[in-house]
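Here's a quick tour of how the pieces of this model meet, first inside one chain and then between two chains. Have a look at the structure, then read on.

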Amino acid sequence: MQVSVDKKSERKAAYLFIIPAVVLLAAFLLYPALQTVRYAFTDYNIMRPDRIKFCGFNNFIELFQDKDFWIAVKNTLHFTILVVPFQTVLALALALLISSRRKGVSIFRAAYFSPQVTSMVVVAILWTVLYNSNPNSGLLNALLVNLGMEPCGFLNDPKSAMNSIVFMSAWQGAGYQMMIFLAGLQGIPKDQYEAASIDGAGKIKSFLYVTLPGLKNVISYVIMITVIQAMKLFTQPYVMTKGGPQNATRTLVYYVYEQGFQKRNFGYACAVAAVFFVIVISLSVGMKKIIKA
Amino acid sequence: MKKRVVAAVLTAMLAGSLCVGCGQVKERVNEDGESVITVWSPTDEPAIEEWWTEKIDAFNQAHKGRIHLQREAIVRADSYAYEDKINAAITSNDLPDILFVDGPTVSVYAANEITLPLDDLFTEAEWDDFLDSSKQQNTYDGKIYAVGATESSVALFYNADMLEEAGIRIPQSKEEAWTWTEFYEAAKKLTKDGVVGTNIIMDKGEGLPYVLEQFWISNGTDLVSEDGSQADGYINSPEGVEAAEFLNSLIQGGYANIDPIQKEFHNERAATMLGGSWEVATLENDYPDLNWGITYFPVAENGILSSPTGDWAASVTKNTQDMEAAKEVLRFLFSEENVTTYAKAISKPPTRKSSYDVLTEYNEYPRSMIKEQLMETGHPRPRTPSYSVLSAEFSEAMLNIFTGVDAKEALDAAAAATDKDYNKYYAQE
C-alpha cells in the first residue's frame with residue numbers, strides 16, 4: 001500500500017514539474033500555431049486587424065495555383081538536398097581531422113566552431129561582400145580573375161545564387177555538427193580499432209567498418225536536424241538576395257515573410273505557413289521511418 | 001514535499017513572468033499625472049540624436065505636469081525593417097502616439113486608417129509656409145495625414161577631375177541638363193581603370209523607386225496612375241519599358257555596377273552618382289580632398305525635367321489616447337525654429353519656406369541647386385495605398401531586368417502584383 005501512495009505523489013510532483021514547460025509551449029508554440037491555422041482561412045490584411053473575414057479555402061486554392069509558391073517549394077528543396085549531404089560530410093571530415101591528437105588541435109577546433117557562434121546576419125553580410133560580382137571589389141572574384149578565370153556572378157546570377165548560399169551555409173553550420181560527430185567519435189571504444197588493426201585493416205577499412213557503423217545513430221540524428229534547419233532557410237536570402245535574382249533564392253519561409261509582412265496578405269501567409277508545417281512534419285516522420293527501417 | 005514546493009514556486013514564477021510579458025499596457029498617464037506621448041522614429045546620426053534629446057528635454061520642461069514626451073529610436077537597417085516593426089505593432093494594437101513614416105507610405109497608413117487626419121494642426125497661413133512637395137506627399141484623399149521637417153532631392157554628383165580629363169560638358173542651368181544619351185555617353189567615356197561611369201542606387205529596397213521613378217516621369221509616364229489606383233499601363237507602358245531598358249543599358253555596358261561598393265563615388269570608384277541631397281554634407285565633411293560638383297537630374301530626350309522629393313514625416317496613430325497632446329507635440333516639433341534646427345542638423349533642405357531665410361547656405365551652390373530642383377522639378381513618389389507592394393515589386397523587377405529578364409515581362413509582373421493588391425483591398429472603397 002505504502003508504495004502505491006508514494007507513486008501517486010511522485011506522479012503528482014512529476015506533473016507539477018512539467019507544468020512550466022507545458023505552459024510555455026502552449027503559450028508560445030501551440031497557441032500561435034493554432035491561430036495560424038485559423039487565420040489561414042481568412043482574408044486578414046495585416047493593416048486591418050479590425051476587418052478579418054472568413055474566406056473558406058480561397059487561400060489554399062490560390063496557393064496551389066500560385067507560381068511563386070511552387071518556385072519557393074522547389075528552391076527550399078534545392079537548398080535542402082544540396083546542403084544536407086555537403087554539410088554532413090564536411091562536418092564529419094572536420095571532426096575526423098580534429099579527433100586525432102595532434103599538436104594545436106584545439107586551435108582548429110575553435111576555428112571551425114567560430115562561424116557557428118557568429119550571428120548568421122553578420123556571416124551573411126560578410127559573404128555578400130566576398131561574393132560581390134565585381135572583381136574590383138569582390139574578394140572571391142578577384143581571386144578567380146587572378147587565377148585567369150572568368151568572374152562569377154555568384155549572388156547576382158540566378159544560376160549560381162542558391163548554390164552560393166548553400167556553400168556559405170554549410171561553412172557556417174558545419175561547426176555545430178562537427179561537435180556532435182566529435183562526441184560520437186569519442187564514444188567508439190578504442191579496442192574496436194585495435195581489433196581491426198590486428199585483423200589487418202588499414203585506415204580506410206577501419207573508417208568504413210568501425211567508425212561509420214559506430215556513428216550510425218549520430219549520423220541519422222545530424223541528418224535529421226540539418227534537414228529541418230535547412231527547410232527553415234530565411235536569414236541568408238533576407239540579408240543577401242531578397243529572394244532574387246529572378247526568384248532563385250525565394251524560399252518558403254521567406255515567401256511567408258514577404259507575403260505576410262511586406263505585402264500584408266497575412267491570411268495568405270498563414271496558409272503558406274500551414275502548408276509548410278505539413279511538409280516539414282511529413283518529411284520528419286518519413287525520415288524517421290526510413291532511418292528505423 | 002520539498003519537490004512540490006519547488007515546482008509550485010517555479011510555476012508561479014513562470015506564470016508571473018508570462019503575465020508581465022503579455023499583459024503589459026502602454027503607459028498612458030505617468031505617476032506625475034502627465035499624459036505620456038511616445039514617438040517612434042528611425043535611429044539617426046549623432047547630430048540628430050542630440051537634437052532629439054535637447055528638444056525632448058525642452059518640451060518636457062515647458063509642459064511639466066501636463067505632457068511627458070518620450071521617443072523610441074528604432075533601427076531602420078536597410079530596406080524594410082522599420083516597416084516590419086510597425087506591422088507587428090498594428091497587429092498587437094501597440095502603436096506609439098506619434099509615428100514617423102517615410103513619405104510615400106503616408107498614403108498606405110492613411111488609407112488603412114492607421115493614422116489620423118491633421119488638417120487642423122496648423123492654421124492655413126501656417127500651412128502655407130510648408131513646401132508644396134512636402135504637403136502633396138503627406139496628403140491622401142484630400143486630407144493631410146503627416147507633417148515633415150525636411151525634404152530631399154537627388155542630383156547628379158560628378159567627379160570634377162574625371163569629367164575635366166574626359167572633356168565632358170557640365171550643365172550650368174536646368175535647361176542644359178544632360179539628356180539620357182549624354183548621360184550614357186558620359187558614363188561610357190568615364191568607365192576605365194576600375195572606375196565605373198556612374199552609380200545608380202542599388203540597395204534592393206526603397207532607394208530604387210525613390211531614385212529611378214524619375215526616369216519614368218521624365219519619359220512622360222509614371223509608376224502608377226495619378227489617383228494611385230492602377231499600375232498597368234504606367235509602370236509597364238512603352239515609355240516605362242524604355243526607361244528600364246535605358247537603365248539596364250548602363251548596367252549591361254558595365255558603366256554602372258549592379259553590386260556597387262559602399263561609397264563608390266566618394267572613394268573615386270565611380271565618376272558620377274545619382275545621389276541624395278544629404279550627400280552634399282557627407283562629401284563636404286568627410287571627403288575634403290575630393291573635387292566634386294553637382295548638376296541636374298538627367299532628362300529623357302524631349303522629356304520632362306524631374307527630380308525625386310520626399311522625406312520622413314510624423315503622423316498621429318489611431319492608438320493615441322490624447323490627440324490634443326499629440327498635436328501639441330507636433331506643433332512644437334514642427335515649429336519654424338525647430339524645423340530650421342532639425343534641417344541644419346540633418347543637412348537636408350527644410351520643409352518650411354521661412355527656414356530658408358535663416359539657412360542662407362541654400363542661396364549658394366551647391367545647395368542652391370538642390371533648392372531649385374525641389375521647388376521647380378520635384379515630383380513626390382506615387383500616392384497609393386498599395387505603395388508597399390509597388391515599391392517591393394519595382395525593386396524586384398529592376399533587379400530581375402539587371403540580371404537578364406526582359407524589361408516588359410518584369411514590369412508586367414510588377415504591374416499585375418500591384419493592381420492585384422489594390423483591387424483586393426482598396427478598390428471598392
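A word on terms before we start: domain bounds here come from an automatic or database domain assignment. Keep in mind, too, that this is a predicted model.

**Inside chain B**

For chain B, that assignment gives domain 1, made of 35-151 plus 310-379, and domain 2, made of 154-308 plus 386-425. Their C-alpha centres sit 27 Å apart. Where the two domains touch, domain 1 of chain B puts in 22 residues and domain 2 of chain B puts in 23 residues.

Which elements give two or more residues to the domain 1 side of that contact? They are helix 4 (106-111), helix 15 (367-376) and strand 12 (378-379) of chain B. Helix 15 of chain B supplies the largest share of this side, with five residues.

**Between chains A and B**

Now for the chain pair: 29 residues of chain A are in contact with 32 residues of chain B. On the chain A side, the elements giving two or more residues are helix 1 (2-39) and helix 12 (252-262) of chain A. Helix 1 of chain A brings the largest share, eight residues.

**Residue classes**

Conventions:
Residues are numbered from 1 along each chain as its sequence is written. Chains are lettered from A and ligands numbered from 1 in the order in which they are written. This is a predicted model: local features need pLDDT of at least 70, side-chain atom pairs count only at pLDDT 80 or more; totals for chains, interfaces and linings use all residues. Two residues are in contact if their C-beta atoms, placed from the backbone, lie within 7 Å. Helices (H or I, at least four residues) and strands (E, at least two) are DSSP runs, numbered from the N terminus.
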